[in-house]
Amino acid sequence: MNVAVRSHATAKQASEHFDVLIVGAGISGIGSAYHIQKQLPGTSYVILETQETFGGTWSTHRYPGIRSDSDLHTFGYSFKPWVGPPIATAEEILSYMKEVIDDNDIARHIRYKHKINSASWSSEQNLWTIEAVTTDTGEPRTFTANFLWMCQGYYRHSEGYTPQWKGMDRFKGRIVHPQTWPDDIDLANKKVVVIGSGATAATLVPNITDKCAHVTMLQRSPTYFRLGRNAIEIAEELRRLQVDEAWIHEIVRRKILFEQDAFTKLCVSKPEQVKKELIGQISAVLGPDYDVETHFTPKYRPWRQRIAFVPDADLFKGIASGKASVVTDEIECFVENGIQLKSGKLLEADVIVTATGFNLAALGDIAFEIDGKPLVFGDTVTYRGMMFTGVPNMVWVFGYFRASWTLRVDLVADFVCRLLGHMKAKGARKVEVKLRPEDHNMPILPWIDPENFNPGYMMRNMDLLPKRGDKPEWQHSQDYWTEKDEIPKTDLDDKAFVYG
């Protein structure tokens, strides 16, 4: 690796060179930066971030009550103890990330307001060329890098997914998406309909009930939720005993991961038992007369979609109080004063919130080229959800759905640092993954198995994602508990890795 940052004169303009270019200053990018500094000191790197600050999701999403739906003992980094309640607000998560940035002098490596338009690989130079533009001035910027570390997430930050229903233009009120929550919206004494039943809706509804005349959560079909205290008893007890926070962090992480592993396995082996327990928690809050069968009994088995944690049952307490309600129905059309449902019922609304999910953006809406040819990401095959056939010197961080996203940030970072060290030891300037001779008859399948996991935003855009094989090396596993042992043992001289 070249330690110094160099400037190259090109026909267009001066460009800066780095050993590693990290895309995105969210939870993945900041964690990756920490690891590269710690494990490969002297490696030059830069983080390019479109937004004007760090944080990714936790900065761009500003709807009322935004919080994690994973516990921060596992969503937090392995190297940075989390000392607050397990379910944290966006503000608390940003504060935690700022401490990581400040404690490790990462800020000087971040270029904010840098939107990447294209990334081109040259096999002749063994180099990535990244063309960006500053969002405030429109000034072009060019960077070159030996290695590209994609930490930009998987959805488009600029706009959420909103289906186009008939009559939306007729509605006299306001339609908003949580991902682009307006600062000037006034919900006081308004009738609000929140369309959706995922983690965003479950967070938003209880956080606006006291402001509105009434809130209705409109869902096409029910979702699973887990209820519990926003506290972890063992962490509280260890703090009373004045145990070091680093010890507490590690102990609590291990306990949570052990319990999550057991729960995930139970969802597969005894789905009816888990279903009964999850719905039983809700019935206990809403009472025996509430129609839990219609509104909170999903048709699919637990964990085929992400299960949101509802701290202190706040969503269900709001429903029990009468301040919020749930309607399970389909939309016929929007009308001037609300939503006409297929059942014939009219839902009156002053404000409609479309908590209807993300727009997938697999490579951050960046135009990729490999040796002058556009990269069709959907034609590649993934190596453990990190690298892709035919794409040299690049790793993508894609986290877990059934465990905290950040657990994979740490795993992938360790892998990348080991890979870069291995390349240096071999004197290699290039690495890519390639199907081995023994893989030539392997079935090539969609990125994820819909029988195993099938959230709507993935199903809508599966063609944008790489393919997988039927062998562990050639798929993105959702099983952290297996990957935490397998990925560190990856043989970097396996025939799947081709160096140059």
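1. The protein chain has an average pLDDT of 92, and 96% of the residues reach at least 70. The stretch to be careful with is residues 1-12, where the pLDDT is below 50. That stretch still has 29 contacts in the model beyond near neighbours in sequence, but where pLDDT is low, the predicted coordinates should not be read in detail.

2. Next, have a look at the parallel sheet. Five strands make it up, in the order β8-β17-β9-β10-β13, and the sheet is open. At its edges sit β8 (174-176) and β13 (324-328), each pairing on one side only. Ignoring direction, neighbouring strands here are turned by 20° against each other on average.

3. A handy pair to click on is V193 and its bridge partner in β17, I352.

4. What packs on this sheet? Helix α5 (residues 199-208) does, touching β9, β10 (214-219), β13 and β17. The direction of α5 makes about 170° with that of β9.

5. Now the other sheet, which is antiparallel and open, with three strands in the order β14-β15-β16. Its edge strands are β14 (331-335) and β16 (346-348), and each of these pairs on one side only. On average, neighbouring strands in this sheet are turned by 20° against each other, direction ignored.

6. Within this antiparallel sheet, β14 pairs with β15 (residues 338-341) over four bridges. To find your place there, look for C333, whose bridge partner in β15 is Q340.

7. Last, a helix pair. Two packed helices are described by the angle between their axes and the distance between the axes. For α8 (residues 271-286) and α10 (residues 314-321), the axes come within 9 Å and cross at roughly 40°. With angles under 35 degrees counting as roughly parallel and 65 to 115 as roughly perpendicular, α8 and α10 are therefore oblique to each other. Their crossing is right-handed.

8. Which residues make the contact between those helices? From α8 come I282, V285 and L286, and from α10 come F316, K317, I319 and A320. Sorted by type, the residues of this contact are six nonpolar, no polar and one charged.

Definitions and conventions: Residues numbered from 1 in each chain as written. Predicted model: local features only at pLDDT ≥ 70, side-chain atom pairs only at ≥ 80, totals over all residues. Heavy atoms only, no water. Axes fitted to C-alpha atoms, helices over the stretch in contact; angles between N-to-C directions. Helix = DSSP H or I, 4+ residues; strand = E, 2+ residues; numbered from the N terminus. Parallel < 35°, antiparallel > 145°, perpendicular 65-115°, else oblique. Left-handed = near helix turned anticlockwise from the far one by under 90°. Contact = heavy atoms within 4.5 Å. Nonpolar A, V, L, I, M, F, W, Y, C, P; charged D, E, K, R; others polar. Pairing = 2+ DSSP bridges. pLDDT = per-residue confidence, 0-100.
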